[in-house]
Amino acid sequence: MHNLISHEMVKLNDRDHAIALGQLQAGRSQRQVARSFGISQSTVSALVDSYQATGHVKDRPRSGRPRATSAATDGYIRRSALRQRDISTLEIQNDIARQGNRPVTAQLVRNRLRSSGIRSRRPARKPMLTDLHKQCRLQWARRHLRRTRHQWGSTLFTDESLFGLHKADCRRRVWRGRGERFAPCCIQRHKAFYGGGIMVWGGISRFTKTRLVIIRGNINSTRYINKILTPVVLLHLTQMGLKNVTYQDDTARPHRANVVNAFHQQNNINHLEWPANSPDMSPIDHCWDVLERRVRPRLRPAITLADLERFLREEWDAIPQATITTLIDSMRHRCQACIDARGDSNRY
C-alpha cells in the first residue's frame, strides 16, 4: 500500500507519456512500464485508453474548481483599492455584497489584490504640505537645481533631532507561528514618551562634520546663539573658509528670530534660504536616520539617558565621511525629485 501511494503521487508530463507508449509498442508489459516510471499499472492502462480514444498523449483539459469571482468583480476589487488606498478588505467585501454579487471572503479579496501586484504596506510618513508649501518648494528647487557639486559641498547642513531611550522601532520583525501574536516573546514593549529622550544638534558638509551638541532644556534664539552659533557654527565655518561657505538651517522659530538674523549679518555668514516643511530636502535628516540605526542595537536591554548620550556621541563620530558625502551629493537629485513631484513629497 505504501508503494502504491508513492506511485500515484508521481506526475507524468507529455514527454513521459510518449516514452511510456513507445515502450509498450516495443513489447514491454504495462507492469514493467509502470515499474520504470514508479506509477501504478492502472495509470498506464488509463494512458493507453486515452491514446486510443484521442490519438495523442496530451492531458485532456479539465474544468477544475470554478472561480469564485468573475473578471468584473476582480476588476472592481482592484479599482477599489487604487481609488481609496486605505480601504480595508472587509469594506471591499461588504461593498461587493451590497451590490448583490456573490459573497466573497476578506481573504479572497487579499488574494485577488496580491495576484494583481497590490499588497498592504505601511504608508510613508511625510510632513503635511499645503498648496503654498508646494509652490515654495517647487520654486526653491528650480532656483537651486543648477548648483554645482562644489557649491553643495561648501554648504553646512544643520538640524536638531530627538532620540528616545525606548523608541518603538517599526523596522523590527519577529518570527512567530499561528496563535503567537500576543506571546511574550513576540511583543515589542515601549514606555510612554519613549522613557525620556535627548535633543541633539549637528552639522554636516561634504568633507567634514561638526561635533554633536547635546541640547539640555528648551532652545530659544538666545540659547541658539550662545550654545550653537557662537561656539560651534562660527568656528566651523571659519575653518572651512567663511567667505566661501553657505550655512543652512530650517525654518524653526529660534532660527528665524531677528537677533539670529542680525548675528548672521554681523559675522558675514552666508545663509541659505530654506522652504518650510522640507526635511526631505536636507541630507542631514537622513544622517539622523543613520545615527538612529547605529545607536539602536546598543540600547538593549534598557539603559540610562547618560548611556544614550555617550552612545550618540560615539556613533556620531564613527559615521563614515563617505556616507555623509553620498548624502550631500544627492542634492541635485533631491531638487529634481521635488520638481518632478510639482513640489509635493517625493521618495526622499
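Q: What stands opposite V200 in β3?
A: I214 of β3 stands opposite V200. The model is predicted, with local features needing pLDDT of at least 70, side-chain atom pairs counting only at pLDDT 80 or more, and totals for chains, interfaces and linings using all residues. Residues are numbered from 1 along each chain as its sequence is written, and side-chain values use heavy atoms, with hydrogens and water left out.

Q: What makes β1 and β2 a pair?
A: Strand β1 (residues 155–164) is antiparallel to β2, and 8 bridges join them. G202 in β2 is the bridge partner of D159.

Q: Why is β2 called largely enclosed by the rest of the structure?
A: Because 6 of the 8 residues of β2 are buried, where buried means under 20% relative accessible area, exposed over 50% and partly exposed in between (1.4 Å probe, protein chains only).

Q: Why is R211 called partly exposed?
A: Its relative accessible area is 48%, so R211 is partly exposed. R211 is found in the loop between β2 (197–204) and β3 (213–215).

Q: Which residues does R211 touch, not counting residues up to four places away in sequence?
A: R211 has contacts (heavy atoms within 4.5 Å) with W201, G202, P231, V232 and W316 under that exclusion.

Key. Helix = DSSP H or I, 4+ residues; strand = E, 2+ residues; numbered from the N terminus. Pairing = 2+ DSSP bridges.
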